[in-house]
Amino acid sequence: MPATALTCRECGSTYPLEAQFVCSRCFGPLEAQYAEHPSAGDPDAIKRRIQAGPQTIWRYADFLPTDRVPTLPAAGPGGTGGLDGLPAGGTPLVRADRLAERLGLREVWVKNDAANPTHSFKDRVVAVAAARAKELGFTTLACASTGNLANAVAAAGAALGMPVYVFIPADLEEQKILATGIYGATVVTVRGNYDDVNRLCTEIAGERPDWAFVNVNMRPYYAEGSKTLAYEIAEELGFQAPDRIVAPIASGSLFTKIGKGFREWIDLGLLPEGTQVPIMSGAQAAGCNPVAAAFDAGHDVCRPVRPDTIAKSLAIGNPADGPYAIELARKTSGTISEVTDDEIRAGIKLLAETTGIFTETAGGVTTATLRKLAEEGRIGRDERVVIVITGEGLKTLDAVRGTFECREIAPSFDEFETIAEHRAEVTA
Amino acid sequence: MAQVTIKIPTQLRSATGGEGTVRAEGETVQGVLEHLFTAHPELRDSLTDSQGDLRRFVNVYLDGEDIRFGDGLGTPVADRQELQILPAVAGGR
Ligand SMILES: Cc1ncc(COP(=O)(O)O)c(C=O)c1O
Ligand SMILES: [Zn+2]
């Protein structure tokens with residue numbers, strides 16, 4: 001691990017690499033600080049180290065704040081038996097020409113992070129937080145969650161043999177609750193929204209020093225996991241950055257860390273000379289838009305809102321990393337937009353119909369934002385755009401229920417013929 | 001003057017001699033905090049900037065409700081209400 005300390009993003013105070021997460025001087029968030037990369041100055045050597053690594057986020061271990069690289073169990077009799085964490089990362093980046101064509105764009109790629117072990121990008125952040133929690137000697141994993149994180153923490157705990165407590169809003173999608181409890185986690189449903197759950201967990205984390213709340217007291221480690229999305233996109237494009245990234249914003253952590261990942265690789269010379277951090281376009285739901293609203297108004301802090309949207313995974317009304325997300329969007333000449341629930345449903349459908357990828361509501365927000373930017377002419381004709389699809393559609397089935405009809409018939413060829421649209425081709 | 005209970009986060013308890021809850025009084029959140037700072041002066045710098053505004057990573061809740069949904073520091077307080085100070089650490093979910 002080249003990480004050396006935690007530093008305050010606001011005032012620069014430094015702290016040891018423990019489970020501290022806020023600066024005791026100014027309450028600012030702490031962030032991992034790294035020593036020089038072991039192969040700094042030799043980009044080709046760094047690339048070789050990466051390419052020799054596993055097909056998971058641990059190929060980027062030199063950039064992550066854990067001492068030990070978790071491994072999958074070796075096959076055969078010499079194997080260690082238990083899974084040392086889940087294989088997060090290594091998800092496909094696919095070129096989406098039909099989506100691009102529908103939107104009048106030239107080059108659109110989809111980073112499909114629904115292809116993670118628990119079907120969201122949260123497996124990346126949990127892998128790092130859980131590995132560090134084990135190193136620091138924590139006995140229990142916990143989190144405040146809008147659903148996906150709960151799935152990922154519950155599964156990681158099962159793989160690592162650690163007990164898990166997850167705290168979620170009581171009105172979450174049933175699929176996400178089921179996909180958490182099945183791993184044996186203790187699921188605490190809280191009467192309140194995510195911000196209430198988060199406030200409770202911040203308080204519990206202070207009182208339960210032996211519990212690793214992945215997104216509270218382990219947050220500096222957790223947050224670094226999201227950088228691997230940027231690394232993977234760049235690596236999959238042949239060590240190049242795209243021109244623009246469109247990604248969803250809830251707390252703003254993922255969005256901010258994608259920017260950080262590109263910055264780090266540019267600074268190390270892993271991307272072609274002159275490469276810039278991509279134009280960063282953030283996506284929010286109109287029913288929970290604190291970051292988009294602050295961006296529009298030219299503010300650099302977010303006024304909290306009470307969420308009311310089908311995009312529950314993004315329903316954080318009080319986003320801690322909002323100021324940094326705004327700063328990143330501005331610095332890269334990017335955007336932060338909001339889309340309505342109807343646009344979100346249409347976004348889910350558009351992505352599914354043109355790429356074969358069925359996303360949850362957050363991906364509907366992202367796709368709808370891409371469409372909106374394209375329709376408003378805010379994406380350059382020759383831009384290479386990557387949209388980050390962060391979660392799986394089977395987890396939010398209610399959102400698309402009733403958007404199409406099935407054709408029911410008796411098991412009779414005649415009846416089939418009356419409804420078959422492709423009869424001419426079939427009989428030709 | 002209303003008497004309120006203030007819950008101090010673990011990170012700031014060195015300033016209150018280890019106490020997790022302290023009492024203070026005032027008419028508004030601002031007044032209560034001023035009273036708190038008189039008793040525990042170190043807290044002023046951790047919680048507020050040079051303008052006297054709350055630092056941007058400090059969240060304050062009155063009976064569980066973010067004061068930014070009310071009148072911010074000007075939000076009136078009533079007897080036996082609970083004021084909670086917490087760092088902003090929304091994580092993803
Ligand atoms: C599917 C999905 N996408 C995006 C996000 C946003 O993540 P962040 O809170 O890091 O902005 C979340 C998490 O809350 C999520 O579950
Ligand atoms: Zn600080």
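Which residues coordinate the zinc ion (ligand 2)? In this predicted model, where local features need pLDDT of at least 70, side-chain atom pairs count only at pLDDT 80 or more, and totals for chains, interfaces and linings use all residues, the donors are Cys8(A), Cys11(A), Cys23(A) and Cys26(A), each through SG, at 2.3 to 2.4 Å. Residues are numbered from 1 along each chain as its sequence is written, chains are lettered from A and ligands numbered from 1 in the order in which they are written, and side-chain values use heavy atoms, with hydrogens and water left out.

Donors here are N, O and S atoms within 2.8 Å of the metal (3.2 Å for Na, K and Ca). The four donor atoms subtend angles of 97 to 116° at the zinc ion (ligand 2), which makes the arrangement tetrahedral (all angles between 85 and 135 degrees for four donors). Along the sequence, the donor residues follow the spacing C-x2-C-x11-C-x2-C. Cys8(A) counts as buried, at 5% relative accessibility, and Cys23(A) is buried at 0% (buried means under 20% relative accessible area, with a 1.4 Å probe and protein chains only).

Turning to the interface, 42 residues of chain A are in contact with 30 residues of chain B (heavy atoms within 4.5 Å). The rule finds four salt bridges between chain A and chain B, a salt bridge being a side-chain nitrogen of Lys or Arg within 4 Å of a carboxyl oxygen of Asp or Glu. Glu207(A) forms a salt bridge with Arg13(B), with the closest N and O atoms 2.7 Å apart.

Note on methods:
Tetrahedral: all angles 85-135°; square planar, octahedral: opposite > 155°, others 65-115°. Buried < 20%, exposed > 50% of the residue type's maximum accessible area, 1.4 Å probe, protein only.
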